[in-house]
Amino acid sequence: MVKDQEFLEKKALYCLGLAKKMGATQSSVVVNNSISETVNFRNKKLDESNRSDDLGINITTYIGKKKSSISSSNLLNDNLNTLIEKCVETTKNTPEDEFNSLPDKDLLAKTIKDLNLFDDTHVENDQKINYLKKLEASASDDKRIINTESSFSENKSNFILANSDGFCNGYKTSSFTASSVTVAKDEKSMERDYEYTNKCFLKDLDDAEELGKLAATQTIRKLSPKKIGSEKISVIFDKRIAKGMLSTFASAISASAVSRGTSFLKDKINQNIFSKRINIIDKPDILKGLGSRYFDSEGVKTETLKLVDQGTLKHYLIDTYNGKKLNLKSNGRCGGTSNLYFDNGNISFKDLLNLNSKSIYITETIGHGSNIVTGDYSVGATGFLVEQGEFKYPINEITIAGNFKDMFKNIILANDLEFKYATNSPTMMIDGMVVAGK
Amino acid sequence: MSGFFEKSDLSRNEAENIISETLQKCDDGELYLENSKSESILLDDNKIKNSNYTSDLGFGFRAISDEIVAYSHSNEISKNSLKQSSDNLKSTLKSAKGTYNHAIPKSNKKYYDNINPIEQKSLNEKIKILNDVNEYIRSKNNDVKQVTANFLGEQKSIEIIRSGGETLSDVRPLIRFNVSVMLEKNGRKETGVYGIGGRQSYDSYLKEDNWKNVCDEALRIASVNLESKPAPAGEMKVVLGPGWPAILIHEAVGHGLEGDFNRKKTSAFHNLMGQKVASEGVTIVDDGTIDNRRGSLTIDDEGTPTEKTVLIENGVLKNFMQDRLNARLMNTRSTGSGRRENYRHVVLPRMRNTMMLSGKQTQEEMIKSVDKGIFAVSFGGGQVDITSGKFVFNCTEAYEIINGKIGSPIKGATLIGDGPSILKEVSMVGNDMMLDPGIGTCGKAGQGVPVGVAQPSILINKMTVGGTKL
């Protein structure tokens, strides 16, 4: 069982009291506990079991405009005394920063409505094993599948965030995850692919057999890939890759990148950065949402933001420190976005494939090729050649490149949005990207 | 020996008894205890933005029966907590009927000193250097718009208690100093990043004004990028500079030679042992025994002394990198490559300092031989798909080569290649092997560990460059 609210709260308040006694003018503390139990299978047999019990504390102390922080996994009072003393001492010796402060009191979250983020169900190892047996049987059905690895994981977390302005709140969350990674082989090649399901509630998990089958199908269809020539072409991004464009967008509108001047979207508020068809929403209060939260990591209330409205950038993601630097109020985005998504486009997946006589469909990218300063994008990619709306053959060992400023303007979205991750996009097409191959 | 049991209701003796009892019918396993202290100080946007100190303590208890690994970890070193972990392991391995392998090689060699780098320089001294770095860079160039500099220091003490009470321990220092500069000129922004580090004290790395070299290098890279034009797209010849570009070796072949992927036959290299996988003249080693290097280890995280493992000798595949589990299942010995990020994670076979050794040619000869291609000097990072063998890395400083001469700098682009075949495309190996500056972190299965790389200049006949210019 994860530690209860009472235990975490007691530790948090102990730290706040101690920090004050030792000379901190303000302080904040997070205490968290998470327990996860995972079972891994490989080739239809038990491979690994893993139980982890993590307790952690993070304390920030302020003396006027000076600030420093410590973190530890050792919550014995003895150790906390030593660490807080060290933290206050370090704070004294750290130069002032005029923007350092706790969040404005009137922005702190006050009321909390239940978003259904915790499922108390415990899955015994035998149940996990049963799920994985079914999954692996289905994943290894085709004889071209030569290796299967799958995993079932149950996570329970609890935390308390408290600060010297009287904020003290926290809540339990749960997640259940199952995944399947398969390797397929033919005379010419060996390929790997995966599928997974992650839900707040156990009963919402995808069916084991379906999951295994999907992983296998997605792997087998990649066999015997070809390398294509270099050309300018429309690129269609599978949903699992398209969501990465949103993550890059979120990094580029974080108040930190904007205030430091290191984002290609600096000073773009109220400007069209996407085409008029595009809306981007960050919604923290989705029931059972994987990115749902009651307040941000400073305790500031979070509300739904339409970050991009008909192509126009409307908000940055603002925390207290960088907000003060930009002369803007925090909008409860310390720690980033919650449930971030593109609104659906107005054509079907099938019509998207048919928009051009020839395009490529990308199912995986590798490499860290997104530059937030310049907007340049260049990554390795794997996928399929699409002609007249049909998947012709798998392709690999190519790169796709462009610049986000142009790419964002050219995004066309299908109407197949699903809430599978915390950040979600419908299938996406971007015209005029450069593919490098042969 | 660190006092892991000092403030606990669990005595060393009791712990040893629980360990031996739990591992009775297992093939292998151990209790891994870890106490780490780390400090990071960050200067950004003209200010000391953050100073953070972390102390982390915990254990990981592992039991192995045949191919099955049971693992349990906790922050609490107590009787109750260890017993709970023990029960958890036993419930997974109900049917274990193995014989514990007590054999573990010994060595007295040490590759770094038992120091705590955090305590060896005061906070005020570190803050002063960071402020000096900021002023120095901003005074050198009027186009500087942003400077970020940081110190990361760590001391990690580990202890491994095996069945029967055999105990192995190590204290590992690690530091890193990083500088990032952003320039803006005529509305265009570009960054340059450089850093140094290793298992040593700050003073050994930052003698007098040594930090200025790091600043100069970051500034130089940013200035070069400010003049860069779009990179070409397509297959061409690539000359790689010495040192850090060896992350090509790390991604292209290193990961594929780790024992686990080969035991599971999911690596593109699994059936190539003893075969020619690289051009003549290409020799690659993975070496944990270089003094004070970032990837060096006195013992690995299972207690095996590290070594210099020959992976590829003159083009022929000789060895995989092994931890104890994969070595046993593949009927070979551990190469001291068993590593974990910390006590929260299971051991995996990992790289240490992966190096391609020097050949005979000069970098000049290589560039002269290229009609159309690129010269890549520095990279940001890389990634590999072990199974298909395809790997990428991102250039952060590169130039075009036209008719045997170095031309304009080009924008950052991803290079993509095929691991098992790329080393056969190496047509020249330089005489200028260089170690990287000590900044690498390798990620695998969600675990990051410090690593090093080294190589001489090399010429690759054919690679796909992911630029935008057709």
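Ile280(A) stands opposite Val308(A) in S10(A). Strands, like helices, are DSSP runs numbered from the N terminus; a strand (E) needs at least two residues and a helix (H or I) at least four. This is a predicted model, in which local features need pLDDT of at least 70, side-chain atom pairs count only at pLDDT 80 or more, and totals for chains, interfaces and linings use all residues. Residues are numbered from 1 along each chain as its sequence is written, while chains are lettered from A and ligands numbered from 1 in the order in which they are written.

Strand S9 (residues 280–282) and strand S10 (residues 305–309) of chain A run antiparallel and are joined by three bridges. Two strands pair if DSSP finds at least two bridges between them. Both strands belong to an open sheet of five strands in chain A, with the order S11-S10-S9-S12-S17. Its pairing is mixed. Strand S11 (312–313) and strand S17 (423–424) of chain A form the edges, and each pairs on one side only. Strands of a sheet pair through backbone hydrogen bonds, either parallel or antiparallel.

Chain A is divided into domain 1 (5–220) and domain 2 (225–438). These bounds come from an automatic or database domain assignment. The centres of the two domains of chain A, taken over C-alpha atoms, are separated by 25 Å. Domain 1 of chain A gives 20 residues to the contact, and domain 2 of chain A gives 18 residues. Two residues are in contact if their C-beta atoms, placed from the backbone, lie within 7 Å. The side of domain 1 that touches domain 2 in chain A has 13 nonpolar residues, seven polar and no charged. Here Ala, Val, Leu, Ile, Met, Phe, Trp, Tyr, Cys and Pro count as nonpolar, Asp, Glu, Lys and Arg as charged, and the others, Gly among them, as polar.

The contact between the chains takes 66 residues from chain B and 61 residues from chain A. On the side of chain B, strand S2 (residues 47–65) supplies the largest share, 11 residues. That side of chain B holds 18 nonpolar, 30 polar and 18 charged residues. Strand S2 (residues 45–63) of chain A runs parallel to strand S3 (residues 68–74) of chain B over six bridges. Glu48(A) has Val69(B) as its bridge partner in S3(B).

Asn403(B) lies in the loop between strand S15 (390–402) and strand S16 (405–410) of chain B. Asn403(B) counts as exposed because it has 9 C-beta neighbours inside 10 Å.

Technical notes
Buried ≥ 20, exposed ≤ 12 C-beta atoms within 10 Å, placed from the backbone.
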